[in-house]
Amino acid sequence: MNRRRFLATAAAGTAAVCATGPTAFATPATSAGTASHTGLLRTWFKATYRSMTAMTTDFGLTADKIDVSGTGTPVPSRQTSPTNIGCGLWSTVAAGGLGVIPPSAMHDRLARTIAAVEQLERAHGFWFNWYDAHDGSVLKTWPDNGDTVRPFLSTVDNAWLVTGLKIAADADPILRPRITALLDGVDWSYFYTPYDPAAPYTSPGQLLGGYWPDQPGDGEPTGFHYGALNTEPRMASYLGIADGSLPTDHYWHLYRTMLPEWGQEQQPDGTYVTIDGVRVWEGHYTYRGRKLVPTWGGSMFEALMVPLFVPEPEWSPRSWGTTHRRYVRSQIEHGLVEEKYGYWGFSPSSIPEGGYREYGVDAIGMQEEGYNSLGVVTPHASFLALPQAPDEALANLTALDRDFGAYDDRYGFRDSVNVTTGRVSDFVLALDQGMIAAALAQQLRPGLLQRPFRTGAFQSRVRPLLAKEHFSI
């Protein structure tokens, strides 16, 4: 997530549950294996949700992480972000929809978080990137080392909080008016640079990474735009297109790969096509004979966090659906065949020995010095792969538990494992547990968290774009 790093491009560098219950939608890829393991998936969800409640402070915000290596009650970290808060919201809706908590508890927990969010300082309608999870104040110094934190408005992190708020509003009609009031100030055009054909590098029709709002006017923008399509900031793009604050042609100004003449991880193949009046480079990479649309760094959550909520594979089966399947297969083969780790699933996560960094499969990311796997496997990557490779994901997770003790009965899977040394992370992270909770909810009750992103303006504005998509894969 860009709270730890930014997903730039070289060119730019330049339900849910309602009052009467959830609505189920199309079932994702399943197998006899996952169907027979429903009890195990529910057990994993319950432990994962316990970690989310353990990370949620009395003030009502889900903190960034907890250390679960001890036997006592873990203390939530001081810091939290909009993404972490959004993860807490949708995890609670999932717990209510799956019957893990009663409706009254779901309402009470959502209401406490909404009350906390209502108190948070904002700028230009958006939330700052770091708050104190225990009192809601904007962080000005980093808790671990005292370094100065310059308050920042992050495009992608705000997208995940808005996602959580929309899911909560759909799940709890009583809270809907308060959440609607919170969302009234959200205007994604704040982050948008309109397309100018005379200056396509500086005015690319894309979203900036964010702003530091401590300067006059809009503030100081980042020096890059989010140019890569197959990365998690596309959630902000979808939200803005759906609410009308971004033009629909913004989608076509995002890069499937870098243009052929630009430096990148590999020379792409593909073709130019014109869609809705925009000349689009429909490029692809090839990995182990498999054509796919790369991400920026080659990590799992860049590609597969968004379809937890927006049904890309269903609305675009021959394009998004195909590249998602091939992306997962590439991650599996990298771990099992290319590197021979015996395990797979590479995505930004805790460094098992301490700290945080990006992990991925370098060859399926556009960045020339992309993310490497380095033998560090994160369980959330396997959970993201459940719709595309359910049997392989279950086998991988079971092996991580059996061989390394990566699963904690109290709080779910630890954040990462160095499978070359056996070192398991001491931490669980709200972002990664939030992805696990959403993935399990989608597997156990398809559509549970997706209704706000299947209906209304998403149905009328986003779905037609995905239907027109025809990657060159």
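**Exercise 1. In which sense do S8 and strand S11 pair, and over how many bridges?**

Step 1. In this predicted model, S8 and strand S11 (residues 210-212) pair in the antiparallel sense over 2 bridges. Pairing requires that DSSP finds at least two bridges between two strands. Strands are DSSP runs of E with at least two residues, helices are runs of H or I with at least four, and both are numbered from the N terminus.

Step 2. For a residue to look up, take Ser154, whose bridge partner in S11 is Gly210.

Step 3. Now widen the view: the order S8-S11-S12 describes an open sheet of 3 strands with antiparallel pairing. Strand S8 (153-154) and strand S12 (220-221) are at the edges with a single partner strand each, so one side of each has no neighbour in the sheet.

A word on conventions: residues are numbered from 1 along each chain as its sequence is written. The model is predicted, so local features need pLDDT of at least 70 and side-chain atom pairs count only at pLDDT 80 or more, while totals for chains, interfaces and linings use all residues, and side-chain values use heavy atoms, with hydrogens and water left out.

**Exercise 2. At roughly what angle do the axes of helix H8 and helix H15 cross?**

Step 1. The axes of helix H8 (residues 234-243) and helix H15 (residues 456-468) cross at roughly 120 degrees and come within 8 Å. Axes here are lines fitted to C-alpha atoms, for helices over the stretch in contact, with angles from 0 to 180 degrees between N-to-C directions.

Step 2. That makes H8 oblique to H15; the classes are roughly parallel under 35 degrees, roughly antiparallel over 145, roughly perpendicular from 65 to 115, and oblique for the rest.

Step 3. Next, list the contacts (heavy atoms within 4.5 Å). Tyr238, Leu239, Ile241, Ala242 and Asp243 in H8 meet Ala457, Phe458, Arg461, Val462, Leu465 and Leu466 in H15.

**Exercise 3. Is Met305 buried or exposed?**

Step 1. Find Met305 in the loop between helix H9 (300-304) and helix H10 (312-315).

Step 2. With 0% relative accessibility, Met305 counts as buried. The cut-offs are under 20% relative accessible area for buried and over 50% for exposed, with partly exposed in between (1.4 Å probe, protein chains only).

**Exercise 4. What is the phi of His124, and where does His124 lie?**

Step 1. His124 lies in the loop between strand S5 (122-123) and strand S6 (126-127).

Step 2. Its phi is near 55 degrees, a positive value in a residue other than glycine. Most residues other than glycine have a negative phi.

Step 3. His124 is partly exposed, at 36% relative accessible area.
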